[in-house]
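Try each task yourself before reading its solution.

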Amino acid sequence: MTDLFEREDVSGVLHRPAGDPVGALLLAHGAGGNRDAKMLQRAATEFAGHGLLVLRYDLPFRQRRPKGPPSPSTAGGDREGIAAAAAAVRELCSGPIILGGHSYGGRQSTMLAAEHPESCDGLMLFSYPLHPPGKPEKARTAHLPDLRVPCVFVHGTRDPFGTPEEMRAALKLVPTPTRLVLVEGTGHDLAPDKSAAAPLAVEAAADLFGF
C-alpha cells in the first residue's frame, strides 16, 4: 500500500508493509531524478514486501524546481532535508532507521550520517558516486572513515562513477561492517527493470541489518 506523505519540508511517497514495520528505509533520488525514479520504486516495493516502512522522497533542491541538477552550495540544505525526513518517519516506526538512496541522494545520506551518527542506524546505497566519470583522482571518500553505522553498497560493474576495484578500496575506509553487492553488466542506473539489483539489495540488507 502506498500513500502520499507530506510534512513540513518533506514530500514523498510512503510504502507500507503488510504488518507492523520491522524498521524504516528512506530513499533519496539522484542528481537528475526525483522520488519516482524507477530504481527507487523497485527498491521501495521490494523492501516493503520484506516488512520495512519505506519512504521515497524528493530532496529540497528537487522540491524547489522540477528539473536540473543540485548546486554544491545547497548540498547542506539537502542534508537538512534528509534529517527532516528521518525525523518524520521516526514518528511512524519504532524500529531501526536506514538512510540511503541512489547516487547523489545516497552520498548526501552518508555525509549526514558522518556528521550526525545518531541520525540513522544503517545506510543503503545504490550506485554510490565514488568520483565523477573519468576523474578517479576526485574521490568522494573523505567522510567515509567517520561513518559509524553498517552500510550496504549496491553497484553496477559498468558504473563509470566507480569500478568494482575502486569500490572495494573505498569500503576499506569505512570502520563499520559493510556489504558490496555487484550487479553484473549494469551501469549507474542499475537497470531496475532488467537486473536483480533490488532483490539483491534486500538480501544483503537483511543479512547485515538483521530484519
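Accessible areas here come from the Shrake-Rupley method with a 1.4 Å probe, and for residues only the protein chains shown count as cover. The model is a predicted one, in which local features need pLDDT of at least 70, side-chain atom pairs count only at pLDDT 80 or more, and totals for chains, interfaces and linings use all residues. Residues are numbered from 1 along each chain as its sequence is written, and side-chain values use heavy atoms, with hydrogens and water left out.

**Exercise 1. Describe the protein as a whole.**

Step 1: start with the surface. The protein exposes about 9200 Å², and carbon and sulfur atoms supply 52% of that area. Of its 211 residues, 53% count as buried (buried is under 20% relative accessible area, exposed over 50%, partly exposed in between, with a 1.4 Å probe and protein chains only).

Step 2: list the elements. There are six helices and eight strands, in the order β-β-β-α-β-α-α-β-α-β-β-α-β-α from the N terminus. Helices (H or I, at least four residues) and strands (E, at least two) are DSSP runs, numbered from the N terminus.

Step 3: check the overall size. The radius of gyration is 15 Å, close to the 17 Å that the globule rule gives for 211 residues, so the protein is as compact as a globular protein of that length. That radius is taken over C-alpha atoms, and the rule is 2.2 Å times the number of residues to the power 0.38.

**Exercise 2. Find the buried side of helix α1 and what covers it.**

Step 1: pick out the buried residues of α1 (residues 38-48), which are Met39, Leu40, Ala43, Ala44, Phe47 and Ala48. They lie on the same side of α1 because they cover an arc of only 145 degrees around the axis (the arc is that of the directions from the helix axis to the C-beta atoms).

Step 2: turn to the face away from that side, where the exposed residues Lys38 and Thr45 sit.

Step 3: look for the cover, which includes β2 (10-15), β3 (23-28), β4 (52-57), β5 (97-102), β6 (122-126) and α6 (197-209).

**Exercise 3. Is His15 buried or exposed, and which side chain does the side chain of His15 make a polar contact with?**

Step 1: locate His15 in strand β2. Its relative accessibility is 7%, so His15 counts as buried.

Step 2: find the partner. The side chain of His15 makes a polar contact with that of Arg56 at 2.9 Å. Such a contact is a pair of N or O atoms within 3.5 Å; within protein, one must be able to donate a hydrogen and the other to accept it, and residues adjacent in sequence count only if both atoms are side-chain atoms.

Step 3: list contacts (heavy atoms within 4.5 Å). Beyond four places in sequence, the contacts of His15 include Ala44, Thr45 and Ala48.
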